[in-house]
Amino acid sequence: MKKNTVKASLLAILASTALMGTAVYADDGDQGCQHHMKSEGKSHHGGMRQMFRGLDLTDEQKTEIKSLMKEQKTAMKESRPSKEERQAKKAEFLTLITADSFDEAKAQSMMQERQANSQAKKLDMLKVQNKVYQLLTPEQQEQFKENFEKGHSRKGKGGR
């Protein structure tokens with residue numbers, strides 16, 4: 001009986017380690033990005049909506065902004081790794097985690113690759129936000145700056 005308990009415990013540890021490893025890398029493209037942003041208190045678009053409060057956007061501005069956001073969403077979907085690529089990454093993490101000896105250089109390389117992908121996504125989003133900002137009138141731009149400062153000062157004081 002004790003032998004089965006040890007085996008069950010080892011299997012549970014191995015399974016939980018594998019799940020944690022895949023969770024570390026699990027990147028659902030658009031969803032992963034939104035989850036990250038929500039953990040900071042806002043989703044991408046929710047945070048942007050906050051910045052646009054009180055700007056009295058024209059219908060033309062709203063249409064152009066929606067178009068930019070739709071283009072961004074499409075681009076993100078197109079750049080998302082295929083299911084096979086994601087599964088290969090998960091398998092790579094599992095191999096790293098379950099190896100007899102830990103390959104720190106490989107882990108560093110995998111983390112750097114993931115950070116580079118994350119930074120590229122964030123850079124693309126900042127570009128879109130700049131395009132949106134350029135659509136605003138000077139008065140709206142000033143209001144946007146005020147909204148931005150209010151939003152970030154709240155985060156600094158303990159968030160929402």
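My entries below go from the whole chain to one group of rings.

**Ground rules.** I am working on a predicted model, where local features need pLDDT of at least 70, side-chain atom pairs count only at pLDDT 80 or more, and totals for chains, interfaces and linings use all residues. Residues are numbered from 1 along each chain as its sequence is written, and side-chain values use heavy atoms, with hydrogens and water left out.

**Fold.** I looked up the secondary structure and found seven helices and zero strands in the protein chain. I took helices (H or I, at least four residues) and strands (E, at least two) as DSSP runs, numbered from the N terminus.

**Contacts.** With a contact meaning heavy atoms within 4.5 Å, I kept pairs at least 6 apart in sequence; 74% of these join residues at least 24 apart.

**Burial.** I noted that 23% of the 160 residues count as buried. Buried is under 20% relative accessible area, exposed is over 50%, and partly exposed is in between (1.4 Å probe, protein chains only).

**Rings.** How many aromatic pairs does a search of the whole structure find? I got two. Rings of Phe, Tyr and Trp (its six-membered ring) pair if their centres lie within 6.5 Å; planes under 30 degrees apart are stacked, over 60 edge-to-face, the rest tilted. Phe144 and Phe148 are a stacked pair, at 6.5 Å centre to centre and 25° between the planes. Both sit in helix α7 (residues 138-156), four residues apart, about one turn of the helix. Phe144 is buried at 16% relative accessible area, while Phe148 is partly exposed at 36%. Together with Tyr133, these two form one aromatic cluster.
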